[in-house]
Amino acid sequence: MSNKTLLAIDVGSTSITAVIAKNNLDGKINILGTGTSKSEGINKGSITNIEVASKAIKNAVNIARGSTSEVIDSSAISISGAYTKGLRSLGSVNVPNGLITETEINQVMQMALYNATIIPEYEVVHVLPIFFKVDDSKDVENPLNMNGSRLEVSVYIVTAKRTALTNVKSALKQAGIELTNFVLDGYASAISLLDEQQNKFGATVINIGGTTTEFVSYKGSSIVFNGFIPVGSNHITNDLSVMLHTPPNAAETLKIKYGNLLKSNENEDLTIKKVKIPRIGDEQSTSEVSLDHIQTIIHARVEEILVLVRNKLKQSGIQENIGAGIVITGGMSQLSGIKELATKVFENTPIKISNPINIKNGYMNFDDPTLSTTVGLLFYGLDDNRAYELDSNKKLMKRAVKKEELTIPPIQKEEPVIKEEKLKEKINETLEKEDNTKLPTLSKKDKGRGMSRFWSKVSEWF
């Protein structure tokens, strides 16, 4: 079990969240401190001002550090899919000893990475095994300790622009933070949301944030496709502000308070309801707007986002392989009626609105769709039972060996010890007897006396 202290930083488009945590003695994640700050110097997932962004990151981390004195051993930072590309590759190696160990697993994944055609200005973030093959067998999930002469692997490789990663590193360096691993935002969300059944049959996670929408298709223990759209819930606010001629803060209030994607005829009183909103440039004067008009604007933008995601999934050919359906998370997943709209857009594919696993603690409530990436980063860095992968340092992330695998039954362990002890006792007793049968050592004087007695006896006989 890993006992390291992890710093997880989710660099979002609207806020930055920092969490310090480590595993307790039971192997469960223990939250030691949390901090949040407004996201600044970041636009649509990319850093636009390193100095401002580093200050925002540092503020969040300092707040989290204020709750604990633990020394941070490692860090995991989320990166946007805005500057990433995904590709597939294959690798194969011979197994010289016939038994597959982590050495062979590492070698075959490194070989798959070596065989991949990666664009020069891009760097590797994840190398995830889609499936392994041992000799001529069917797909194998975990080949460790299996017998065979040849090991093959099919991998999905996530790469990111070198310049974008360098900007993130620079911002972290200015904030006094040492980077350990980059983690794709959508990948982290999938880790925190999908259960075993969804992993097995395949699912797509759509995380709709403030200015970006990220999505990953996940199957088994690997991403099989990832994508990004530079549109989010803040665009709804902008649409309302422009079309209703109202200030952005008033438009945000309208979105949160009256946002609803259900048809107006489902609520008879909806068409006659109106709200007063301030006019932009002259906030003293107000105008009345029907809720039906407000919801039409919201509906158009949300539908556009979902249609763009659907089209990208269709182009990739992935949509037909997501048997467990689509999981929607992020701030905009809280919008009433989004499940019904998504069901229509994705042509009756199963839709689930989901929050991440709630890690109980005294600092922050993780049962919140805006924290899906944050929770995923914690599981990425601290969960010992995750699948194999090569991280952003191209190092193999190993599975932890369970205690049961190391424990020898007490009966098998005690008997040899008892036998050994008895054997030692017998040997000691034998040695003692042998020591007692030895003749005493005689001095020269005693030797002389013995000989004189012997010759006197001989003279008496003759």
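1. Arg301 and Glu304 sit about one helical turn from each other, because they are three residues apart in helix 8 (residues 291–316). Helices here are DSSP runs of H or I with at least four residues, strands are runs of E with at least two, and both are numbered from the N terminus. The two side chains form a salt bridge, with the closest N and O atoms 2.8 Å apart. That term stands for a side-chain nitrogen of Lys or Arg within 4 Å of a carboxyl oxygen of Asp or Glu.

2. A word on the basis of all this. This is a predicted model, in which local features need pLDDT of at least 70 and side-chain atom pairs count only at pLDDT 80 or more, while totals for chains, interfaces and linings use all residues. Residues are numbered from 1 along each chain as its sequence is written, and side-chain values use heavy atoms, leaving out hydrogens and water.

3. Buried means under 20% relative accessible area, exposed means over 50%, and partly exposed lies in between (1.4 Å probe, protein chains only). Asp239 joins Arg301 and Glu304 in a network of salt bridges.

4. The whole structure holds six salt bridges. Another one links Arg162 and Glu123, whose closest N and O atoms are 3.0 Å apart. This pair ties together distant parts of the chain, as Arg162 belongs to helix 3 (residues 162–174) and Glu123 to strand 8 (residues 122–134), 39 residues apart. Arg162 is partly exposed, with a relative accessible area of 34%, and Glu123 is partly exposed too, with 26%.

5. In helix 7 (residues 248–258), Lys255 and Glu252 are three residues apart and therefore separated by about one helical turn. Their side chains meet in a salt bridge of 3.2 Å, N to O. Lys255 is buried at 10% relative accessible area; Glu252 is partly exposed at 28%.

6. Five strands make an open sheet in the order 3-2-1-6-10, with mixed pairing; strands pair if DSSP finds at least two bridges between them. Strand 3 (29–38) and strand 10 (181–184) are the edges, each pairing on one side only. From one strand to the next, the twist averages 20°. Strand 2 (residues 15–23) runs antiparallel to strand 3 over nine bridges, and Val19 stands opposite Thr34 in strand 3.

7. Which residues does Asp391 touch? Leaving aside residues up to four places away in sequence, Asp391 touches Val125, Asn181, Tyr380 and Met397, where contact means heavy atoms within 4.5 Å. Asp391 lies in the loop between strand 18 (389–390) and strand 19 (396–397). Asp391 is buried yet has no salt bridge, and Lys395, the nearest side chain of opposite charge, is 7.0 Å away. For charge, Lys and Arg count as positive and Asp and Glu as negative, with His and the chain ends not counted. The backbone nitrogen of Asn393 is 2.9 Å from a polar atom of the Asp391 side chain.

8. Finally, the overall picture. The chain has 13 helices and 19 strands, and 46% of its 462 residues count as buried.

Notes. Axes fitted to C-alpha atoms, helices over the stretch in contact; angles between N-to-C directions. Polar contact = N/O pair within 3.5 Å; in protein donor to acceptor, adjacent residues only side chain to side chain.
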